[in-house]
Amino acid sequence: MRKLLIANRGEIAVRIARAAREQGIATVAVYSEADESAEHVRIADEAVLIGPAPAPASYLSVDAVIRAVRASGADAVHPGYGFLSENADFAQAVLDANAVWVGPAPSAIREMGDKVAARKSADAAGVPTVPGSDGEIRELDEAERVARQIGFPLAIKAAAGGGGRGIRIVEREADLAAAISTAQAESRAAFGSDSVYLERFVPRARHIEVQIFGDGATAVHLGLRDCSMQRRRQKVVEEAGDLGLPETVATNMAESAVQLAKSVGYTGAGTVEFLFDELRGEYYFIEMNTRIQVEHPVTEMVYGRDLVGEQLRVAAGNPLSFAQADLSPRGHAIEIRVNAENPAMNFLPSPGP
């Protein structure tokens, strides 16, 4: 790996460039017309204009990014988070361009990126899942049957969803039909698919995620993060360290995440997300993010490991530089997302004057 194209912008692009520089790897930034003077462009060794400001015409354009790969002579691509980072077709296009993809195999992205498929993979790996439908729901009578089995309240979720979008909570059976119709419309508009599934809604749950890392042959975990403090299902506070969970729950949750990663031959950094039902004392798999996350720095601080640097080493064909026995947490770290909101309008997003 000699020249790395960073298919992203902003903070994560700067973070990746720093890790690459520490390993002697040259960097190529991509930018839209609006980002010509952005920091990630200034610090890279090279920069390639990929299109106008709207993301679909630049950062979300597979063709535009692949043209930049070929034009720059980059032999590797790091997608960061967001944009095309969990797009299996993009990952395959990078490989087809004879470049190294810094991330899991396209097959793993497809398997874990679709929530219904991911749920089936978790079941097969023996990882606990939230009681719900076995797959996507197509007909109302099927939804009613499943709903009676799992009980109310329940959640209708978009199979292709993410970022807290495409979710509807249903308190009683009389509201089920309308909620499914609305959820399908939202999913179609946001993700291009109206596929939905049902899960038990856990009213008193903590949202816990496990940082995993694999090299295709083995996998380890780097502890847990708590991201229960959210607004509009968007994470606001992330913590790593002692989360105050029952010790057996924390241990089993981490082992379940590693078990799932191994079952799909996972390569690179990933996050397995769980709900911990405080009333029942049980935890359930909900999804996997097949990329580095915004929240990765709190794990790096507690474990003293450079996750982005490790992504580059593993993608270059090296085995993991640490085993599970080498990983021990120290201290506590908190990351906070700063939101621009208007308190006078129920905290609606607002950049202000």
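**Figure 1. Contacts and overall dimensions of the chain in the predicted model.** Among contacts between residues at least 6 apart in sequence, 61% join residues at least 24 apart. The chain contains eleven helices and 18 strands. Its radius of gyration is 21 Å, close to the 20 Å given by the globule rule for 353 residues, so the chain is as compact as a globular protein of that length. The C-alpha trace spans about 60 × 45 × 45 Å along its principal axes. Of the 353 residues, 51% count as buried. The chain exposes about 15900 Å², and carbon and sulfur atoms supply 49% of this area.

**Figure 2. Domain assignment of the chain.** The assignment gives domain 1 (3-100), domain 2 (140-200) and domain 3 (205-349). The centres of domain 1 and domain 2, taken over C-alpha atoms, are separated by 36 Å.

**Figure 3. The open sheet of three strands, S7-S6-S8.** Pairing in this sheet is antiparallel. Strand S7 (167-170) and strand S8 (196-200) are the edge strands, each pairing on one side only. From one strand to the next, the twist averages 25°. Strand S6 (residues 154-158) is joined to S7 by four bridges, and the two run antiparallel. Within this pair, isoleucine 156 stands opposite arginine 168 in S7.

**Figure 4. The open sheet of six strands.** The strand order is S15-S14-S9-S10-S13-S16, with antiparallel pairing. At the edges are strand S15 (282-289) and strand S16 (333-336), each of which pairs on one side only. Neighbouring strands of this sheet are turned by 30° against each other on average, direction ignored.

Figure 5. Valine 272 stands opposite methionine 288 in S15.

Definitions and conventions
Residues numbered from 1 in each chain as written. Predicted model: local features only at pLDDT ≥ 70, side-chain atom pairs only at ≥ 80, totals over all residues. Heavy atoms only, no water. Pairing = 2+ DSSP bridges. Axes fitted to C-alpha atoms, helices over the stretch in contact; angles between N-to-C directions. Domains from an automatic or database assignment. Rg over C-alpha atoms; globule rule 2.2 N^0.38 Å. Buried < 20%, exposed > 50% of the residue type's maximum accessible area, 1.4 Å probe, protein only. Contact = heavy atoms within 4.5 Å. Areas by Shrake-Rupley, 256 points an atom, 1.4 Å probe, with all protein chains shown as cover.
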